[in-house]
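Trainee: Hi! Could you walk me through this structure and its charged side chains?
Mentor: Happy to. Let's get it on screen.

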Amino acid sequence: MEQSEEKKAWDIPRGPAANKAKQKYKNANYDRGELALPKGMKKAVQEAAKTQGQSFNAYVEQAIKERYKRETGKELEWKKTDA
């Protein structure tokens, strides 16, 4: 059986209702912040993240957590707040 014919363990919901549900989850659980980088830096970070087996976002998040700990001595943990 070809890989494209294999049945996945779960089906990913698609369509407007699924998109709305995913957006609602993201809005309830994540803050967004724009990151402006000098030309070429994004590609370098993406390549570094890939070599570490991470997404661009995970790589940047880890870097922020490491610097925060270095400068404050405290762990920056994800905690959902009502703010």
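Mentor: Let's start with E71: its relative accessibility is 55%, so E71 counts as exposed. Keep in mind that this is a predicted model.

Trainee: Which side chain does E71 meet in a salt bridge?
Mentor: The side chain of R67, at 2.5 Å from N to O. R67 is partly exposed, with a relative accessible area of 48%.

Trainee: How far apart are E71 and R67 along the helix?
Mentor: They sit 4 residues apart in helix α3, so about one helical turn separates them.

Trainee: And why would side chains like these pair up?
Mentor: Opposite charges can pair when the charged atoms of the side chains come close.

Trainee: How many salt bridges are there in the whole structure?
Mentor: A search of the whole structure turns up 3. Besides the E71 and R67 pair, K65 meets E61 at 3.3 Å, N to O, and K69 meets E75 at 2.6 Å, N to O.

Trainee: Where do K65 and E61 lie?
Mentor: Both are in helix α3, which covers residues 56-72, and they are 4 residues apart, about one turn of the helix.

Trainee: Switching topic: which residues gather in the patch of positive charge?
Mentor: R14, K22, K26 and R32 gather there, on the surface. One of them, K26, is found in helix α1, residues 16-29. K26 is partly exposed, with a relative accessible area of 45%.

Trainee: What about N29, buried or exposed?
Mentor: N29 lies in helix α1 and is buried, because its relative accessible area is 14%, and the cut-off for buried is under 20%.

Trainee: What does the side chain of N29 reach?
Mentor: The backbone oxygen of Y25, at 2.9 Å.

Trainee: Last one: which residues form the nonpolar patch on the surface?
Mentor: L35, L37 and M41, with about 240 Å² of accessible area together. L35 is placed in the loop between α1 and α2, the latter being residues 41-51. At 48% relative accessibility, L35 counts as partly exposed.

Trainee: Great, thanks!

How values were computed
Residues numbered from 1 in each chain as written. Predicted model: local features only at pLDDT ≥ 70, side-chain atom pairs only at ≥ 80, totals over all residues. Heavy atoms only, no water. Patch = residues over 30% accessible without salt bridge, like charges linked within 9 Å, V, L, I, M, F, W, Y side chains within 5 Å. Areas by Shrake-Rupley, 256 points an atom, 1.4 Å probe, with all protein chains shown as cover. Salt bridge = Lys/Arg side-chain N within 4 Å of Asp/Glu carboxyl O. Lys, Arg positive; Asp, Glu negative; His and termini not counted. Charge placed at Lys NZ, Arg CZ, Asp CG, Glu CD. Helix = DSSP H or I, 4+ residues; strand = E, 2+ residues; numbered from the N terminus. Buried < 20%, exposed > 50% of the residue type's maximum accessible area, 1.4 Å probe, protein only. Polar contact = N/O pair within 3.5 Å; in protein donor to acceptor, adjacent residues only side chain to side chain.
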